[in-house]
Amino acid sequence: MWRLPGARAALRVIRTALEKLSPAEAQSQTAAGAMERAVVRCVPSEPKLSLSFALADGSHKNMQRDQSEPLGRVLSRIATNALKGHAKAAAAKKSRKSRPNASGGAACSGPGPEPAVACEPVVKLYYREEAVAEDVLNVDAWQDGAVLQIGDVKYKVERNPPAFTELQLPRYIMAGFPVCPKLSLEFGDPASSLFRWYKEAKPGAAEPEVGVPSSLSSSSPSSSWTETEVEERVYTPSNADIGLRLKLHCTPGDGQRFGPSRELESVCVVEAGPGTCTFDHRHLYTKKVTEDALIRTVSYNILADTYAQTEFSRTVLYPYCAPYALELDYRQNLIQKELTGYNADVICLQEVDRAVFSDSLVPALEAFGLEGVFRIKQHEGLATFYRKSKFSLLSQHDISFYEALESDPLHKELLEKLVLYPSAQEKVLQRSSVLQVSVLQSTKDSSKRICVANTHLYWHPKDGVSLCRPGWSAVAGSQLTASSASRVYAILLPQPPE
């Protein structure tokens, strides 16, 4: 009898083969010999593990158990749940039989014999064809590749398979603009995951034949879906998709096995885009990522939503903009397409809302090979993205200007000059301006590093003082420290009175 095995990860070869088959072939092979799935999530830093599986009656069970609990208690609980599920299914069947027929009379079937009282099913856990002892702790018992048997049904145990912890489509989708799903994986990698896009069949279109790979059953009874030819993470709708919803079918993977698939439908239809944008012409010069010896940088103030939706913005700053053009959902589509089209190695952004960073920029730029860091100021902040194939983040430093000015001896002379201008000194010390410093190391040559300084400095034409320029970033090929990096700014003071 097996007791304490070492950890073992079994390759999901069968799953990989099934992904390459048509739905009809996959269904036939699954029916022929594949077992049900029992998913176990067990993380050393957490006291409990989760066990998820579907019973024969169709009910889905998600159990939370202590990792230090003996296996026997879990198996006993599973048996009880299976018995309850069987009883509920029998009661529902009996209720349907006794329900009056359409003419108002009693059901045609007679009373018939009472069903026999069900007994608890035999529940066992096997590993390498040996029963696991009931005194083995959960943390050791539920190994990847084990087999859980509940009555006559067998389940293949998958311990910590790749899984999506978050999956979301944008709220606003436009033709000609990339759709980048927001996703987070556990035990997996987006590059090893499978994606398949579908679009809603046009009203009045002929129903696809059953079993044809280009069709997919929908969770919405009134909708049918047609498979597109896109099997990548990002999908760019065409004008032919206007008025239709999208569906994403994705399977998380880690390069060796696949986890449970999920489907996600867009809440809105594809809207018409604005047509050719000014940045489309600039993209003609940035179609490819630069070679390793070159670095392409982009700096962009993307206008925080908190500033775009004020009456002052609508009537004074941007009176020429239609109201819809200032809406965040609309602007995010344009920002994503413009930034990804530059194929930059380093991107410095100012006036970034926290939600925009996590829900829009990260999904879009991550899909194109960039990783980002964020620094909040008050209502908005700074974001720096870098290409993962070229750089790794060596260190990050967030520097408050007024704190550095007051506390760092390096700035003593500057502070003494600022005292001569009380109004300017008050403005400077009240500002929440920060400097986001990212030290990046080349993935090809560890001796090469660059220091990226990204900031958004205060400026107002009536104040007579400017902290350098409103939106500013710099890339230096050196090994700057946080202290020396904090000096990469200048205060522009008015001319002293004669």
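Visitor: Which residues form one aromatic cluster?

Guide: Phe357, Phe374 and Phe385 form it. The model is a predicted one, in which local features need pLDDT of at least 70 and side-chain atom pairs count only at pLDDT 80 or more, while totals for chains, interfaces and linings use all residues. Residues are numbered from 1 along each chain as its sequence is written, and side-chain values use heavy atoms, with hydrogens and water left out.

Visitor: What makes two rings an aromatic pair?

Guide: Rings of Phe, Tyr and Trp (its six-membered ring) pair if their centres lie within 6.5 Å; planes under 30 degrees apart count as stacked, over 60 as edge-to-face and the rest as tilted. A search of the whole structure finds 6 aromatic pairs. One of them joins Tyr318 and Tyr320, with 6.5 Å centre to centre and 90° between the planes; the pair is therefore edge-to-face.

Visitor: Why is the pair of Tyr324 and Tyr330 called edge-to-face?

Guide: The planes of Tyr324 and Tyr330 stand 85° apart and the centres 5.1 Å apart, so the angle meets the rule for edge-to-face.

Visitor: How do you know whether Tyr330 is buried or exposed?

Guide: Buried means under 20% relative accessible area, exposed over 50%, and partly exposed in between (1.4 Å probe, protein chains only). Tyr330 has 12% and is therefore buried, whereas Tyr324, at 52%, is exposed. Tyr320 is also exposed, at 66%.

Visitor: What makes the position of Lys337 a charge over the ring of Phe177?

Guide: The rule asks that NZ of Lys or CZ of Arg be within 6 Å of the ring centre and within 35 degrees of the ring normal. The charged end of Lys337 sits over the ring of Phe177, 4.6 Å from its centre.

Visitor: Why do Asp359 and Lys182 count as a salt bridge?

Guide: A salt bridge is a side-chain nitrogen of Lys or Arg within 4 Å of a carboxyl oxygen of Asp or Glu. Here the N to O distance is 2.3 Å, so the pair qualifies. Asp359 lies in helix H9 (354–367) and Lys182 in strand E10 (182–186), so the bridge ties together parts that are 177 residues apart in sequence. Helices (H or I, at least four residues) and strands (E, at least two) are DSSP runs, numbered from the N terminus. Asp359 is partly exposed at 36%, and Lys182 is buried at 13%.

Visitor: What is the distance between the closest N and O atoms of Glu263 and Lys247?

Guide: They are 3.5 Å apart, and the two residues form a salt bridge. Glu263 is in strand E15 (262–265) and Lys247 in strand E14 (246–251), 16 residues apart. At 0% relative accessibility Lys247 counts as buried, while Glu263, at 39%, is partly exposed. Both belong to a network of salt bridges that also includes Glu200, Arg245 and Glu265.

Visitor: What makes E4 and E6 a pair of strands?

Guide: Two strands pair if DSSP finds at least two bridges between them. E4 (residues 123–127) and E6 (residues 147–150) share 4 bridges in the antiparallel sense, and Val123 has Ile150 as its bridge partner. E4 and E5 are joined by 2 bridges and run antiparallel, with Tyr126 opposite Ala131.

Visitor: In what order do the 7 strands of the open sheet stand?

Guide: The order is E3-E2-E1-E7-E6-E4-E5, with mixed pairing. E3 (60–66) and E5 (130–131) each have a single partner strand, so one side of each lacks a neighbour in the sheet. Within this sheet, E1 and E2 pair in the antiparallel sense over 3 bridges.
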